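Let's take a walk through this model, one spot at a time. Have the structure open and follow along.

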Amino acid sequence: MKIRLLVRNISKEDIENCTNIFIDAYSKEPWNESHDYEKVKEFLNKFTSDNTNIGWVILNKGQIVGFMVGTIIPSIEKDYFRIEDICVRSDMQRKGIGRELIRRTALELRSKNIDSIILNTIKDFPAYRFYLNNGFREIESSSTMLLDI
């Protein structure tokens, strides 16, 4: 199968497809999670409405095969981008689509004067190795913390 990829900003019209990709991807190993369709749709819609919460879809032959959503975080020195989620359709994984999505969105973020991307992932999951293989590095001096309120 020849892969022809196009990356563009996510739109309201993409939300149904992206919701299905999200639910499918997270229902499989290693996550085995079940998500409410309407809640996922509501979550993804938040990335189509302003200049801070943004997202992209990646298409192959006109079909959405993955997406990335995240938030531009303001900073005194330089803003940065935090990935909230990245998903690739399960039948299209391990074909370089996630790598290309990161590469192309990084180019667009640089054009917005953003020079770093940050994310959280679980070390025991395959995504951890994927991010390392795509140029991400662990921040040794950092720790993810949570306060239940």
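Glu33 counts as partly exposed because its relative accessibility is 34%, and that class sits between buried (under 20% relative accessible area) and exposed (over 50%), worked out with a 1.4 Å probe on protein chains only. You'll find Glu33 in the loop between H1 and helix H2 (37-45); helices here are DSSP runs of H or I with at least four residues, strands are E runs of at least two, and both are numbered from the N terminus. Leaving aside residues up to four places away in sequence, Glu33 touches Tyr26 and Ser27, where touching means heavy atoms within 4.5 Å. The side chain of Glu33 also makes a 2.8 Å polar contact with that of His35. (That's a pair of N or O atoms within 3.5 Å; within protein, one must be able to donate a hydrogen and the other to accept it, and residues adjacent in sequence count only if both atoms are side-chain atoms.)

A word on the source: this is a predicted model, with local features needing pLDDT of at least 70 and side-chain atom pairs pLDDT 80 or more, while totals for chains, interfaces and linings use all residues. Residues are numbered from 1 along each chain as its sequence is written, and side-chain values use heavy atoms, leaving out hydrogens and water.

Now over to H4. Its buried residues are Ala127, Tyr128 and Tyr131. They sit on the same side of H4, because they cover an arc of only 105 degrees around the axis, going by the directions from the helix axis to the C-beta atoms. What do the buried residues of H4 pack against? The partners are E4 and H3. Just after H4, Gly135 takes a positive phi of about 95 degrees.

Ala127 and Tyr131 turn up again in the largest pocket: along with Trp31, Ile86 and Phe130, they lie nearest its centre, out of 37 lining residues. (On a 1 Å grid over the protein atoms alone, a pocket is an open set of points where a 1.4 Å probe fits, with protein on both sides within 12 Å along at least five of seven lines; lining residues have an atom within 4 Å of a point.) E4 gives the most to this lining, with seven residues.

The second largest pocket has 28 lining residues, with Ile117, Ile118, Leu119, Arg137 and Ile139 nearest the centre. Here H3 gives the most to the lining, with four residues.
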